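Good morning, and thank you for coming.

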Amino acid sequence: MNIHEYQAKEIFRSHGMPVPPGEIATSPEAAAALAEEYGGRVVVKAQVHAGGRGKAGGVKLAAGPEEAAEAARAILGMQIKGLTVHKVLVTPAAEIASEAYVGIVMDRASQRPVFMVSAEGGIDIEEVARENPEAIHRQPIDPRYGLLNHQASRLAFHLYDDIGVVRQASDVLQRLWHAYEDSGATLAEVNPLVVTPDGDVVAIDAKMNIDDNELFRQPDIAAMRDEEAEASSERRAREAGLSYIKLDGNVGCCVNGAGLAMATMDLVKYYGGEPANFLDIGGSSNPDKVVAALSIIGEDPHVRSILFNIFGGITRCDDVANGIVEATDRLELDLPITIRLTGTNEEEGVAILEEHGFQAMIDMDEAVQRAVGAVS
Amino acid sequence: MSVFIDGETRVAVQGITGRDGSFHARQMIEYGTNVVAGVTPGKGGQRFDDAVPVFDTVEQAVEETGAEASVIFVPARFAADAVFEAADSGVGLVVCITEGLPVRDMMRVMPYLEERGVRLIGPNCPGLIVPGQAKIGILPGQIVREGAVGIVSRSGTLTYEVIHQLTTRGVGQSTCVGIGGDPIIGTDFVDCLRAFEEDGDTEAVVLIGEIGGTDEQVAARWATENLSKPLVGFIAGQTAPPGRRMGHAGAIISGSEGTAAEKMRTFEDLGIAVARRPSEIGEIVAGWMEEA
């Protein structure tokens, strides 16, 4: 799960990291009031689940309340990578002597968290990794012991010369580690970590991703989910226990199993169509799930054709066929439906569908071609 | 011969009295798996279906029945501890079917297993099946057929689809292993390729990968150096958008890493066959088996 910068900063603050004050505004007036409160220069920052906010014009410096209102007016409602900005963070502008990058990512290959630091802060770390990889210093972490003190200072010495700054930065890295670990994060980064002209180390940005599988034991973080940032169809699917991702095509896909769902989308594309979504109805043949799936797909105005691809393993084809019949009875859908069913109890499933006027297919390639052809 | 298990392997089922555990324990027994014990804390002394003894701990199950492998069907919040318990009890193989284990738990589990020399398959996987002999997990027994093709996959139903296509073409399988769709898993592609290379019953190998991570590329490079048997790959998720998790916790393109295109290109560059459609896997492998 993605959380916003201001939410990551709350977590950082609760772990004692030096984070400047800041509050959320959803209107230009509120942004102006915050700027008034802080006095002096502020930064107005789009809160949206997308990188590259600065480049997209989603981060603006304001000299006072009027400019803050103007900045908020420009940023609120703007689109960044297809996502609409609904709120901005208003925070006092920091004096910057130097900028660094510090972050922790879960590294799949080594099955460990890895710390990364770079003196080239304030720019996209992927870009640094591509163009100047030796500027990034890494420290793999043994999850049983956490970040050891000498490892924290080693990283800090890569960034700074002044021992006072090194000590502050080591402390920040330790606290960042605990914020990462205690939250069940898969990513925690500060970009940039700033040293002020007075020699104070401050985290002026914050980014965290939380492992979805952690949310059951992190109720405070689970409550940070921004439902406004989710497509409403995706929210409904999540609430119905379906795994659904909206795409831009017009062939709606309803599949059991994530791997088969991806392979089905790929096959739609292979035969010249465009998938409208990823949807895994799971192993269950519960008619309510089929109803929820069909209504979500059916409400996507771009969908011109619906394709079911069901492989009956433990799930029985006759159960799924009954679910489809019930779902299409309960919903009024004026779209062509192509159904492919194969595996356990395939004959019974096909018979049920044919009784109700559906043509059931057993070959995946043929079914996908028909669903793609039904678009026109 | 077969890979990791055979018809004799003595299996304990952790969570045998639960909904999924009991259903799949019956399916495993019906298929011929040597299920010797069940484990549910507080239900020790009972018998599952009047036959399989149930124990409070895995340790007791191993002591009393000589279980060599365990399969885990307990809920996600208890699953990591169930793996630790299995490892402490002395079984050599743990198959974790449960989906939804936190990554943080898996990062602690893995070094613990490595220190004890215990193999984990999964989590979030369908398990494995040796056609005609045994299955540990949830792969449907009726779609497989005895034969010489080894299958390793990160997926569930997509694997069944591929197995089904092979079986309907008359091509049987030696062992099928579902390694799971999580970002951190126990047994990986390379472990399975190595086992298939050593397995006298396996003549060709199918690798079914998907977006996310770089395990497919690592496996492809390993195979060019070490695998003497023909290999065909398939990668799901060519149309997946970056940054979105496609059902499986591990199926996500992060930044520019883990795309299907990049994985397929690695296979092609190394001269390894890559199928464009699932049905093409069947065509390619059936062709090899006819030639052989």
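How many residues of domain 1 of chain B are in contact with domain 2 of chain B? There are nine, and they touch 11 residues of domain 2 of chain B. Before I continue, please keep in mind that this is a predicted model.

Let me stay with chain B. Its domain 1 covers residues 10-121, and its domain 2 covers residues 140-291. The centres of these two domains, taken over C-alpha atoms, are separated by 27 Å. Between domain 1 and domain 2 of chain B, about 830 Å² of area is buried, and carbon and sulfur atoms give 61% of that area. As for salt bridges between these two domains of chain B, the count is zero.

Chain A is divided into three parts: domain 1 (21-92), domain 2 (98-222) and domain 3 (231-373). In chain A, the C-alpha centres of domain 1 and domain 2 are 25 Å apart.

We now turn to the interface of the two chains. Chain B brings 58 residues to this contact, and chain A brings 45. Together the chains bury about 4,100 Å², with 57% of it on carbon and sulfur atoms. Which three residues supply more than any other three of the area that chain B buries against chain A? They are B:Arg104, B:Met107 and B:Thr239, and their share is 16%.

Charged side chains also meet here: eight salt bridges are found across the interface of chain B and chain A.

Finally, I come to a pocket. Rolling a probe the size of a water molecule over the atoms shows where empty space is left. The second largest pocket has a volume of about 410 Å³. Its lining consists of 24 residues, and those nearest its centre are A:Gln111, B:Ile185, B:Gly186, B:Asp188 and B:Asp191. Which elements of chain B each supply at least two residues of this lining? They are helix H4 (103-116), strand E7 (119-121), helix H6 (189-198) and helix H7 (215-226). By residue type, the lining of this pocket divides into 10 nonpolar, six polar and eight charged residues.

Thank you for your attention.

Methods:
Residues numbered from 1 in each chain as written. Chains lettered and ligands numbered in written order. Predicted model: local features only at pLDDT ≥ 70, side-chain atom pairs only at ≥ 80, totals over all residues. Heavy atoms only, no water. Domains from an automatic or database assignment. 1 Å grid on protein atoms, 1.4 Å probe; cavity = no way out; pocket = protein on both sides within 12 Å on 5 of 7 lines; lining within 4 Å. Points joined across faces, edges and corners; volume = space filled by probe spheres on them. Helix = DSSP H or I, 4+ residues; strand = E, 2+ residues; numbered from the N terminus. Nonpolar A, V, L, I, M, F, W, Y, C, P; charged D, E, K, R; others polar. Contact = heavy atoms within 4.5 Å. Buried area = accessible area lost by both parts, 1.4 Å probe. Salt bridge = Lys/Arg side-chain N within 4 Å of Asp/Glu carboxyl O.
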